[in-house]
Amino acid sequence: MSKKVDSDKAAELFSAAMSEISASTIHQVLEYFSSVEGTALLKDPDKYFEDWFDLIDEARRKSWAIGQAYYRLDMAIWTGTTPDDGTGEVPSLSSLWKIFLSLIGVSKFKSSLPESSIELHDSPWGRYDRDYSRRNAASSFYTRAVHRLRKFEKESRLIDFVDPDEYLNRLEKKMRSIGSEMARESQRLTHNGGRDAVLQGAQNSKGPRVGYMRVPQGLYTCGFCIMLASRGAVYETKAGAGYQGVGREYHPGCDCAIRALYEGQEEPKAVQDAKKVWAGYSKTHSGTASDFVKWWKQKREGE
C-alpha cells in the first residue's frame with residue numbers, strides 16, 4: 001500500500017487531462033482564427049474577442065473543475081483530510097477517485113490504498129471567477145492580436161506605395177502569425193484554470209504542509225522553470241514558488257505546476273532531477289540565472 005503510488009498516478013492523470021484540454025483548445029482556436037479576416041478584426045475587435053473568450057473560458061472552467069478534484073484527492077491521499085466541495089458531503093477515498101476520474105474521462109483505476117473515510121474541512125474555493133478569466137483573456141487578446149494588427153496597418157501606411165495584392169498577402173501572413181500566437185495564449189490561459197484551482201487549494205486549505213514546490217511536467221522544461229524547480233519545497237507560499245511576481249505568468253507552452261509538499265511525502269522525481277541538473281551546473285559554472293537558462297537551452301539543443 002503506497003501513498004506515493006496513488007499520488008504519482010493522480011498527478012500523471014491530472015497532467016494528461018490538462019494537456020488534452022489544452023491541445024483541444026489550441027486546435028479550436030487555430031480553426032477559428034483561420035476564418036477571421038484581418039480587416040474584419042480591425043473593424044470590430046470586440047466581437048472577435050467575445051467569440052474567442054467564450055471558446056477558451058469553457059475550456060478553462062473544465063480545467064478549473066478538474067484542478068479542484070485533483071487537489072481534493074491528492075490532499076486526502078497524504079493527510080486523510082480534504083476540502084469541502086460545496087455540498088457538505090463527507091467523502092471516502094474511493095468517492096474522491098470516482099469524482100476525479102469521471103471529470104477526466106477515465107473509467108478504470110485500482111487504488112493501492114485501502115478504503116477509508118476522509119475528514120472534511122472548509123472549502124478554500126469561492127465561485128468560479130469569470131471576470132478574472134475575462135480580464136486575463138482581454139489583456140492577451142488586445143495586446144497580442146489587436147495591437148499587433150494595428151501596428152502592422154500603421155507601418156503599411158507609411159510606405160509610399162503598397163500594391164493591394166501585396167498588402168493583402170502580407171496581411172494574411174500576419175493573421176496566420178497572430179492565430180498561432182493566440183492559440184499558444186489559449187493553451188496558457190486554459191491550463192491556468194487547473195493551476196489556479198490547485199494553488200488556491202494549497203494556499204487556503206488546512207494541512208500539515210512542509211512547503212510548496214514547482215514541478216516540471218511533460219517532455220521539455222525550459223531553463224527558467226528548471227531553476228525554480230531545483231529549489232525544491234523551500235517556498236512558504238505559492239507566491240514564492242513563482243505564482244506572483246517573477247514567474248507568475250506561465251509562458252505559453254509551459255506545463256509546470258505548483259504543488260504542496262506534505263509531511264512524509266517525497267519530492268517528485270522531476271524536482272529531484274532538476275536539483276541534480278542545477279547541482280551539476282553549479283560545480284563547473286558561475287553566473288546569473290540567465291546564464292543558466294542559456295546553458296540549459298544549448299544543452300538540450302545539442303542532445
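pLDDT is the predictor's confidence in each residue, on a scale from 0 to 100. The structure described here is a predicted model, in which local features need a pLDDT of at least 70 and side-chain atom pairs count only at pLDDT 80 or more, while totals for chains, interfaces and linings use all residues. Residues are numbered from 1 along each chain as its sequence is written, and side-chain values use heavy atoms, with hydrogens and water left out.

## Confidence and overall layout

The mean pLDDT of the protein chain is 85, and 91% of the residues score at least 70. Helices (H or I, at least four residues) and strands (E, at least two) are DSSP runs, numbered from the N terminus. Among the elements of the chain, the highest mean pLDDT, 95, belongs to helix 3, and the lowest, 49, to helix 8 (residues 239–243). The pLDDT is below 50 over residues 241–249; in the model this stretch has 18 contacts beyond near neighbours in sequence. A contact here means heavy atoms within 4.5 Å.

The protein chain has 10 helices and 4 strands. Starting at the N terminus, their order is α-α-α-β-α-β-α-α-β-α-α-β-α-α. Taken along the principal axes, the C-alpha atoms fill a box of roughly 75 × 55 × 30 Å. A residue is called buried under 20% relative accessible area, exposed over 50%, and partly exposed in between (1.4 Å probe, protein chains only). Of the 303 residues in the chain, 46% count as buried. Among contacts with a separation of 6 or more, 81% are between residues 24 or more positions apart.

## Helices 5 and 6

The expected span of a helix is 1.5 Å times one less than its number of residues. Helix 5 covers residues 130–157; its 28 residues reach 38 Å from the first C-alpha to the last, close to the expected 40 Å. Helix 6 has 41 residues and should span 60 Å; its end C-alpha atoms are 58 Å apart, which agrees.

Helix 6 bends by about 30° at Gly 193.

The starts of the two helices can also be described. At the start of helix 5, a side-chain oxygen of Asp 129 comes to within 3.2 Å of the backbone nitrogen of Asp 131. The N-terminal end of helix 6 is capped by Asp 163, with a side-chain oxygen 3.1 Å from the backbone nitrogen of Asp 165.

The buried residues of helix 5 include Ser 133, Ala 137, Phe 141 and Leu 149. The buried residues of this helix pack against helix 1 (3–33), helix 2 (38–43), helix 3 (45–79) and helix 6 (164–204).

## Asp 57 and Ser 133

Asp 57 is in helix 3, and Ser 133 is in helix 5. Asp 57 counts as buried because its relative accessibility is 3%. Ser 133 is also buried, with a relative accessible area of 5%.

A polar contact is a pair of N or O atoms within 3.5 Å; within protein, one must be able to donate a hydrogen and the other to accept it, and residues adjacent in sequence count only if both atoms are side-chain atoms.

| Side chain | Partner side chain | Distance |
|---|---|---|
| Asp 57 | Arg 130 | 3.4 Å |
| Ser 133 | Asp 57 | 2.7 Å |

Leaving aside neighbours within four places in sequence, Asp 57 is in contact with Tyr 128, Arg 130 and Ser 133. Ser 133 and Phe 53 are 80 residues apart in sequence, and their C-alpha atoms are 8.8 Å apart in space.

## Cysteines

A disulfide is a covalent bond between the sulfur atoms of two cysteines. Here it is counted when a pair of cysteine sulfur atoms lies within 2.5 Å. By this rule the count is 0 disulfides. Cys 225 is in none, and its nearest cysteine sulfur, that of Cys 222, is 3.5 Å away. Cys 256 is in none either; the nearest cysteine sulfur, that of Cys 225, is 3.7 Å away. Cys 225 counts as buried, at 1% relative accessibility. Cys 256 counts as buried at 1% relative accessibility as well.

Technical notes: The bend at a residue is the angle between axes fitted to the seven residues ending there and the seven starting there.
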